[in-house]
Amino acid sequence: MLRSTLTPILTAFPSKAKKPRNYSNTIITAITNPPQPVRQNASMENMLLQQHTPTSAYLHLPFCRKRCHYCDFPIVALGSSSPYGDDDPRIINYIDFLCREIKATSIPSEYKLPLETVFFGGGTPSLVPPRLVSLVMETLDAKFGVCSDAEVSIEMDPGTFDAEKLKDLMKLGVNRVSLGVQAFQEELLRSCGRAHGVQEIHEAIDIVGSCGVENWSVDLISSLPHQKPHMWEQSLSLTIQAKPTHVSVYDLQVEQDTKFASLMASEMLRDAGYEHYEISSYCKSGYQCKHNYTYWINKPFYAFGLGSASYLNGLRFSRPRKLKDYMGYVQNLENGLVNCSQDSKVDAQDIAMDVVMLSLRTARGLDLKSFGKAFGSSTILSLCEVYKPHIQSGHVVCLDEHRREISPEEFSSLLSEGNKINEVLACIRLSDPDGFLLSNELISSLNVLAP
């Protein structure tokens, strides 16, 4: 999986729940005036209660053959070849601690729903032998239960699996593969430190097809060093030819050429029949990544493993990033010495800004009706004032409850009538592709953290 050097999801997930600073003053005033603890805010409490039972779990399997140059996530580099084969003690020991963490996690009695999505991320999870992945799945099932039709995803890198390994994983319930291609040019793969080559990419694609994996994704990176426009176009074309049901496009840098690459990706993938359902994500109809969509709609989720961050009861909690510290954390968890909630109070500002930022990453956008119920109608008016110039420019789109687009002129008229806009306006979203191309700027206009 791509890391925090890139621009998508992880930039929106702080390592710990903390009070943001320097938000747009009008938004924060609307949220916090008059100030009251979240636990005393009935609407906010109801919103948390409606979504407080997690049905998703992220498992971090940190092993890689080598560290890619752009990656700053917690990993364990095993080397290009291991003398241990499928019995590498580093992997076996880690899986033991991972299962111990799952078992030791305290689950409130009201958390009774089985898991609907499971995501094995890394690192390179396909380096982990299927029998050890099986141990994790069995532990999850014993602790939470796993739905028979759960989406179970695993990230796999070319050159790290064969048909036998993939079939074994499928027998365990894995039904979605995320293939870390990144580029189709040898020189680019070498320059960013990838351990695989182009031939291994084509072999991996053939294996996925021969094993009958219906739901699979290709990960690509734009704006790699020395990446020319024709190279990016070729990578997109070859991806489309491979016919994955899902494509993720990540930007390594936030510069002008990044926007050009994003525009090219949007045009080529949409022309090929892919729905642009989230800033970095495209899919064929019915193949949205259910697990990742949990993040976009700000639902709670479990997380286990080195450096992973869970989101429960409105709070994010990160595990240690160093292996020794993580093992100590698991031992402390078993001994009842870890308080994952940190604080019983949830900051309304954190929740509100998370909802806005994550919702605007999706094509569906921000549901203003439910947002207004949770945070107050004055917050909706403040949002409209902040985004008024972007609505006029066409980068932000307004919709009514029937998903009818409201023109900038109609929007201005409604805004001038005060509360009238709360009656008519049901949703705002970023336009595609123009609004998505300026997503960082538009979203940061609401949440600018001090350096």
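Predicted model: local features only at pLDDT ≥ 70, side-chain atom pairs only at ≥ 80, totals over all residues.

Biologist: Are Tyr295 and Phe301 buried or exposed?

Modeller: Tyr295 has a relative accessibility of 7% and therefore counts as buried. Phe301, at 3%, counts as buried too. The rings of Tyr302 and Phe304 give a further case: their planes meet at 20° and their centres lie 6.2 Å apart, so this pair is stacked. Both Tyr302 and Phe304 are buried.

Biologist: Which residues form one aromatic cluster?

Modeller: The members are Phe63, Tyr94, Phe317, Tyr326 and Tyr329.

Biologist: Which charged residues lie over a ring, and at what distance from its centre?

Modeller: Arg100 places its charged end over the ring of Phe97, 4.4 Å from the centre. Lys284 lies over the face of Tyr274, with 4.4 Å to the ring centre.

Biologist: Let us turn to the sheet. How do strands of a sheet pair?

Modeller: Strands pair through backbone hydrogen bonds, in either a parallel or an antiparallel sense. In this model, nine strands form an open sheet with mixed pairing, and their order is β9-β10-β8-β7-β6-β5-β4-β1-β11.

Biologist: Which strands stand at the edges?

Modeller: The edges are β9 (275–278) and β11 (302–304); each has a single partner strand, so one side of each is left without a neighbour in the sheet. From one strand to the next, the twist averages 20°.

Biologist: Where is the antiparallel sense found, and through how many bridges?

Modeller: One instance is β8 (residues 246–251) with β10 (residues 281–283): the two run antiparallel and are joined by three bridges. Val247 stands opposite Tyr282 in β10.

Biologist: Which helices pack on the sheet, and what do their directions make with the strands?

Modeller: One of them is helix α7 (residues 198–210), which touches β6 (176–182) and β7 (215–222); its direction makes about 165° with that of β6. Helix α8 (residues 229–242) also packs on the sheet, touching β7 and β8, and its direction makes about 175° with that of β7.

Biologist: In which sense does β7 pair with β6 and β8?

Modeller: The pairing of β6 with β7 is parallel and extends over six bridges. In that pairing, Ser178 stands opposite Ser217 in β7. The pairing of β7 with β8 is likewise parallel, over six bridges, and there Val218 stands opposite Val247 in β8.

Biologist: Why is β7 described as largely enclosed by the rest of the structure?

Modeller: Eight of its eight residues are buried, so β7 is largely enclosed by the rest of the structure. Both of its faces are covered: one side carries Asn215, Ser217, Asp219 and Ile221, the other Trp216, Val218, Leu220 and Ser222, and all are buried.

Biologist: What share of the residues in the whole chain is buried?

Modeller: Of the 451 residues in the protein chain, 56% are buried. The secondary structure of the chain comes to 18 helices and 17 strands. Its accessible surface is about 19400 Å², with 50% belonging to carbon and sulfur atoms.

How values were computed: Residues numbered from 1 in each chain as written. Heavy atoms only, no water. Helix = DSSP H or I, 4+ residues; strand = E, 2+ residues; numbered from the N terminus. Buried < 20%, exposed > 50% of the residue type's maximum accessible area, 1.4 Å probe, protein only. Areas by Shrake-Rupley, 256 points an atom, 1.4 Å probe, with all protein chains shown as cover. Phe/Tyr/Trp six-rings, centres within 6.5 Å; stacked < 30°, edge-to-face > 60°. Lys NZ or Arg CZ within 6 Å of the ring centre and 35° of its normal. Pairing = 2+ DSSP bridges. Axes fitted to C-alpha atoms, helices over the stretch in contact; angles between N-to-C directions. Contact = heavy atoms within 4.5 Å.
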